[in-house]
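Hi,

Here's the structure I said I'd pass on.

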Amino acid sequence: MTLPPPALAEPGSAPPGGSRRPLRLPVAAALAVAAGAALLLALPPFDLWWLSPAGVALLAAAVHRRRLRAGFGLGMLAGLVLFVPLLEWTTIGAGWLPWIILAVLQSLYIGLAGLAGAWVSPLVDRWRALWPLLAGLIWTTQEFLRDRTPFGGFPWGRIAFSQGDSPTLRLAAYGGAPLVTFVVTVAGGALVALFWRRSGVLGAAGFAVVVAVLLGGPAALPLTATTGPSTTVAIVQGNVPRLGLDFNAQRRAVLDNHVKATVQLAADVASGKQKQPSLVVWPENSSDIDPLRNSDAGEQIQYAADTVKAPILVGTLQRTDVPRDNYNVGILWNPGTGPDLAQQYAKRHPVPFAEYMPLRSIARVVSERADLVSNMLAGDHPGVIDTGAVTVGDVICFEVAYDGLVKDVVDGGAQILTVQTNNATFNEAEALQQLAMVQLRAVEHGREGLMVSTVGVSAFVDAEGTVHGSTGFNTAAVVVRDMKLDGPRTLATRSGNRPEVVLVVATVIALVGVLPLRRWRDSIDGDSVKVSEEQ
């Protein structure tokens, strides 16, 4: 006995899951714009973290059942709404054209996420329960690519960096930034699955369930407590005479500001107003005069260290014998004995087009400022610095955004995390975005951290991600705090990037696995067209 072949779908009939018609294009475009706006407002300085899953849901709804090029275009639209204002601070140092180029480049990755969302539509139509998982996989893989390409990637604006004040931040201790992004975007996929062409009580109830899980689940997770002793650390934000790209022309004034602030700290210690620090941390570029080659600068730093009676981690530039070639370093400067060349860190990930210029001849066509960029050389080892009182894990400026660079210093024995940065060429929004990254890293690795900037924002962060002693922007400040040392290695530190790789592989499997369904849908569409023509 033979079974009859399956009947062809009637013209205009729906596959499993309902109508195949996408939302009208104007509606989809409006949702894409709203998605980009929600993702932007979730990040600092706005900090409306709960909008992140809403942004993911809005874009998923916009691209569902659309053609691939439309999915890509809608993703690009959402990306532009996110990145153009988010990266506006780059205009201060680079001008408007590089800003727009960078924003467009970052938006391409959101475009790929939109294309992938459109591609998996047949899978979602058949099994709507897969929508949350697919959203999580697509967004985690999008960030995996954007964090690494091109020229080493640019992780700014990751979903995980919007969760500094959210209970989901605790997930960083279990799987780092990729797990935080995955769970938040899974929540976004759940929202769109619940609301897709539904309304009323069911949609509201579903929304309440998602919010309850998003809040209640991670909030109940235990965090690894720091178990070691405490040490007193001071951060010195000396400020600069003027904000902007010409802060380098003010380099002696910037150094003097940090020396004066440190000498005043010593006076406050002597009078009992402040505790004696075991370490003082100056920011990146606090001495843009190479103190190893310029004796006057070295003498000023030595005077500060001797007066405060504590080693200073100085952010400076080290020149080479090749003009314009230099290293961006943090070097330990001890009272009495001076610089310890064995305890210094050279930035391993200089920022392309800002600290070194790839494709310089082409860049000159894009911006007349291309030749203002020197050639910063990359260091060759993690920033693990033994100060005597504490082993510091140092990263410089944008390096805090890169998972592996921070993990390396913890693997090397860091008891606390330090981020030396210079925000004089940017603005307060950029500084707050960077501070959110420090919050995530502290939780991720179970280590207390600090960020110290020339102009702000500077602050301490405990191992639960809580910010302490945050300074204002474009002002001088000194903050002293007891920092707890050590703590067991978190699951995130032990597992490294393995969970992220698993999620990326799962994404590839899902994207390939949907191919038979797409072929089946295309064949049904083709047969439906033939039936319509015959009728």
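Below is what turned up, going region by region.

Some ground rules first: this is a predicted model, so local features need pLDDT of at least 70 and side-chain atom pairs count only at pLDDT 80 or more, while totals for chains, interfaces and linings use all residues. Residues are numbered from 1 along each chain as its sequence is written, and side-chain values use heavy atoms, with hydrogens and water left out.

Helix 3 has 19 residues and reaches 27 Å from first C-alpha to last. Its buried residues (under 20% relative accessible area with a 1.4 Å probe, protein chains only; exposed is over 50%, partly exposed in between) include Gly71, Leu74, Gly75 and Phe83. Among the elements covering the buried residues of helix 3 are helix 1, helix 2 and helix 14 (428-445).

Next, a hairpin. Strand 4 (residues 325-334) and strand 5 (residues 338-346) run antiparallel and are joined by six bridges; strands count as paired if DSSP finds at least two bridges between them. Asn334 sits opposite Gly338, and Gly336 takes a positive phi near 85 degrees. Pro335 is in the loop between the two strands and is partly exposed at 30%. Leaving aside neighbours within four places in sequence, Pro335 is in contact (heavy atoms within 4.5 Å) with residues including Gln302, Ala305 and Lys309.

Now the charges. The structure holds 15 salt bridges, each a side-chain nitrogen of Lys or Arg within 4 Å of a carboxyl oxygen of Asp or Glu. One of them pairs Asp296 with Arg252 (2.2 Å, N to O). Asp296 lies in helix 11 (residues 295-308) and Arg252 in helix 10 (residues 251-270), so this pair ties together parts that are 44 residues apart in sequence.

Which side chains does Asp411 meet in salt bridges? Lys407 is one, at 2.5 Å, N to O; both lie in helix 13 (residues 403-411), four residues apart, about one turn of the helix. Arg489 is another, at 3.0 Å, N to O. Arg489 lies in the loop between strand 13 (477-484) and helix 15 (491-495), so its pairing with Asp411 links parts 78 residues apart in sequence. Elsewhere, salt bridges that share partners join Glu143, Asp147, Arg158, Asp403, Arg441 and Glu444 into one network.

Cheers

Notes: Expected span 1.5 Å × (residues − 1).
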